[in-house]
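Please read the following walk through one protein model with the sequence and the coordinates open beside it.

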Amino acid sequence: MREFGPGVVLDNPAFIHETALVYGKVIIGEGASLWPYVVIRSEMHEVRIGKRTNVQDFVMIHVGNETPTIIGDNCSITHHVTIHGAEIGDNCLVGINATVMDGVKIGRNSIVAGHSIVTEGTVIPENSIVAGSPAKFIKTRDNRIANGMNARFYYENALAYARGEHRVTESDHFSTAMAAEMRALAEAK
């Protein structure tokens, strides 16, 4: 596992790729993963990445002038996303190439569709799907299970990558872990 500057706190993440760049006051939660070419900077305020949250390839996370960036547990921040000074609740998925700007608050169990731009100060209620540029509310749907399963997939993948294994879906453990996660999520409802 890489070492970063004194302001970076690693709380037993599952995997951090060697190309990830992390600067300033940043807290990476237990079981979280940072994939190739992630960049996280926090010269003021802070960035917090929740437990088992995956930050995928080429994501850029920064703080706003007046706001930290807080990302909850079990989130998937997918490829090429930019998050700038926003709060993202637990169990959210931010789609490929989306941009989430300063002061945005996204409620738990929500989805931001790929290529969306969530403009400054927007508040997205829990269990929402938003899309577009600027992003608009599309519908209400509890995305907790679907988003949780995506986060679990990335958690298992991260553990495999940390072991040098790059084909997690071919292991017996993977299907067992995914089935257990589905049961746990269904029972927690």
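Strands here are DSSP runs of at least two residues, and helices are DSSP runs of at least four, each numbered from the N terminus. With that numbering, Asn 74 sits in the loop between strand 8 (69–71) and strand 9 (76–77). The model is predicted, and local features are taken up only where pLDDT is at least 70.

Asn 74 has a phi near 55 degrees, a positive value in a residue other than glycine. Most residues other than glycine have a negative phi, and most peptide bonds are trans. Asn 74 counts as buried because its relative accessible area is 19%, and buried means under 20%. Asn 91 also has a positive phi, near 60 degrees. Its place is the loop between strand 11 and strand 12 (93–94). With a relative accessible area of 13%, Asn 91 is buried.

In the UniProt record, an unreviewed entry, the annotation "domain: FHA" covers residues 47–106. This span is 0% helix and 40% strand, and its end C-alpha atoms lie 16 Å apart. Which residue forms a salt bridge with Glu 87? The partner is Lys 105, with 3.2 Å between the closest N and O atoms. Glu 87 is partly exposed at 34% relative accessibility, and Lys 105 is partly exposed at 40%.

The structure holds 10 salt bridges. One of them joins Arg 163 to Glu 165, where the closest N and O atoms are 3.2 Å apart. Glu 165 is partly exposed, at 36% relative accessible area. Arg 167 and Glu 170 form another salt bridge, at 2.7 Å from N to O, and both of these residues are exposed. A network of salt bridges links Arg 52, Arg 152, Glu 156 and Glu 181.

Two packed helices are described by the angle between their axes and the distance between the axes. For helix 1 (residues 144–162) and helix 2 (residues 172–188), the angle is about 150 degrees and the axes are 10 Å apart. The two helices are therefore roughly antiparallel, since the cut-off for that term is an angle over 145 degrees. Helix 1 passes helix 2 in a right-handed crossing.

Pro 134 lies in the loop between strand 18 (128–132) and strand 19. Ala 135 is in strand 19 (residues 135–140) and is buried, at 15% relative accessibility. Leaving aside residues up to four places away in sequence, Ala 135 touches Ser 116, Ile 117, Val 118 and Val 130. His 115 is 20 residues from Ala 135 in sequence, and their C-alpha atoms are 9.2 Å apart.

The last stop is His 17, in the loop between strand 2 (15–16) and strand 3 (21–28). Is His 17 buried or exposed? At 19% relative accessibility, His 17 counts as buried. Its contacts, not counting residues up to four places away in sequence, are Arg 2, Leu 34, Trp 35 and Pro 36.

Definitions and conventions
Residues are numbered from 1 along each chain as its sequence is written. This is a predicted model: local features need pLDDT of at least 70, side-chain atom pairs count only at pLDDT 80 or more; totals for chains, interfaces and linings use all residues. Side-chain values use heavy atoms; hydrogens and water are left out. UniProt positions are given in the numbering used here, feature names are shortened, and annotations may be inferred rather than shown by experiment. A salt bridge is a side-chain nitrogen of Lys or Arg within 4 Å of a carboxyl oxygen of Asp or Glu. Buried means under 20% relative accessible area, exposed over 50%, partly exposed in between (1.4 Å probe, protein chains only). Contact means heavy atoms within 4.5 Å. Axes are lines fitted to C-alpha atoms, for helices over the stretch in contact, and angles run from 0 to 180 degrees between N-to-C directions. Angles under 35 degrees count as roughly parallel, over 145 as roughly antiparallel, 65 to 115 as roughly perpendicular and the rest as oblique. A crossing is left-handed if the near helix is turned anticlockwise from the far one by less than a right angle, and right-handed if clockwise.
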